[in-house]
Amino acid sequence: MTHDTTPAQDIVLIGATGDLARRKLLPALWNLYLDGLLPLRGGIIGFARGEGGDDQFRQMARDAIEAYSRRPPDPARWEAFAGRLSYCSGRHEGYDGLKRRLTVDEQLIYLAVPPGATVHVLDELRAAGIATARARIVVEKPFGTDLASARELTAALLRCFEERQVFRIDHYLGKETVQNILVFRFGNAVFERVWNRDAIDHVQFTVAESIGIEGRGAFYEQTGALRDILQNH
């Protein structure tokens, strides 16, 4: 699908003031905009529990892009991008308010929320009439805490959306370096011989992060670094 035929759609970020949105999603959307890869029509609507308005959200987005984007805000193009940003406070407007902010018929909904909030968010999207046949939804990892909870989340998703509308994402497992491990391990006779249980004595993991828990305390209380980082980073 080329940019010329990309349907108009709103991009809805649930959890828009969190760490994932600031470090990854908003900078990514800015770079897509610079490359001409966003739909020509449709808003970028942030939704979170906290208070605030459009101006505060735009400033937060600019700060996040300045801090984390590979390309900083371009004064000549920032205003047009910022004009597409708006914010809906879950505390004051709720999901009914979010529906009123939609500008076109199709939506891409990104759940940047911890697994424990996913079922509640899905139920609210369905009750507000946002989970329609013309919406698509992206679910971030980690997807549940065990097999039973992953199945519960899947059932909740399929109560609201068809499988073709659901995209489960892990922004690290999608990187080529990780994908190439299978080829490197099983397609290389030298490493296949030594990278097996008979030749390995033990494995050590070093998480050389420059950041700490910061504002993610509630997330780590529920998920922990093991599920968040170890299996994919």
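Which residue in S4 is the bridge partner of Ile14? In this predicted model, the partner is Leu111. The two strands involved are S1, residues 10-14, and S4, residues 107-111. They run parallel and are joined by five bridges.

This pairing belongs to an open sheet of six strands. The strand order is S3-S2-S1-S4-S5-S6, and the pairing is parallel. Strand S3 (85-89) and strand S6 (166-169) form the edges, each pairing on one side only. From one strand to the next, the twist averages 20°. Helix H2, residues 54-68, packs on the sheet. Helix H2 touches strand S2 (44-48) and S3, and its direction makes about 120° with that of S3.

In soluble globular proteins, nonpolar side chains tend to be buried together. Here, the largest nonpolar core has 26 residues. Leu13, Ile44 and Phe81 have the most contacts inside it. At least two residues each come from S1, helix H1 (19-34), S2, H2, helix H3 (75-82) and S3. H1 gives the largest share, eight residues. Beyond its neighbours within four places in sequence, Ile44 is in contact with residues including Ile11, Leu13, Leu29, Phe57 and Phe81. Arg84 and Ser86 are also among the contacts of Ile44.

Another core, of 25 residues, lies apart from the largest one. Among its members are Ile14 and Leu111, the bridge partners described above.

Asp228 lies in helix H10, residues 224-230. Its relative accessible area is 8%, under the 20% limit, so Asp228 counts as buried. Asp228 and Lys141 are 87 residues apart in sequence, yet their C-alpha atoms are 7.7 Å apart in space.

Terms used: Residues are numbered from 1 along each chain as its sequence is written. This is a predicted model: local features need pLDDT of at least 70, side-chain atom pairs count only at pLDDT 80 or more; totals for chains, interfaces and linings use all residues. Side-chain values use heavy atoms; hydrogens and water are left out. Two strands pair if DSSP finds at least two bridges between them. Helices (H or I, at least four residues) and strands (E, at least two) are DSSP runs, numbered from the N terminus. Axes are lines fitted to C-alpha atoms, for helices over the stretch in contact, and angles run from 0 to 180 degrees between N-to-C directions. Contact means heavy atoms within 4.5 Å. Buried means under 20% relative accessible area, exposed over 50%, partly exposed in between (1.4 Å probe, protein chains only). A nonpolar core is a set of buried Ala, Val, Leu, Ile, Met, Phe, Trp, Tyr and Cys residues joined through side-chain atoms within 4.5 Å.
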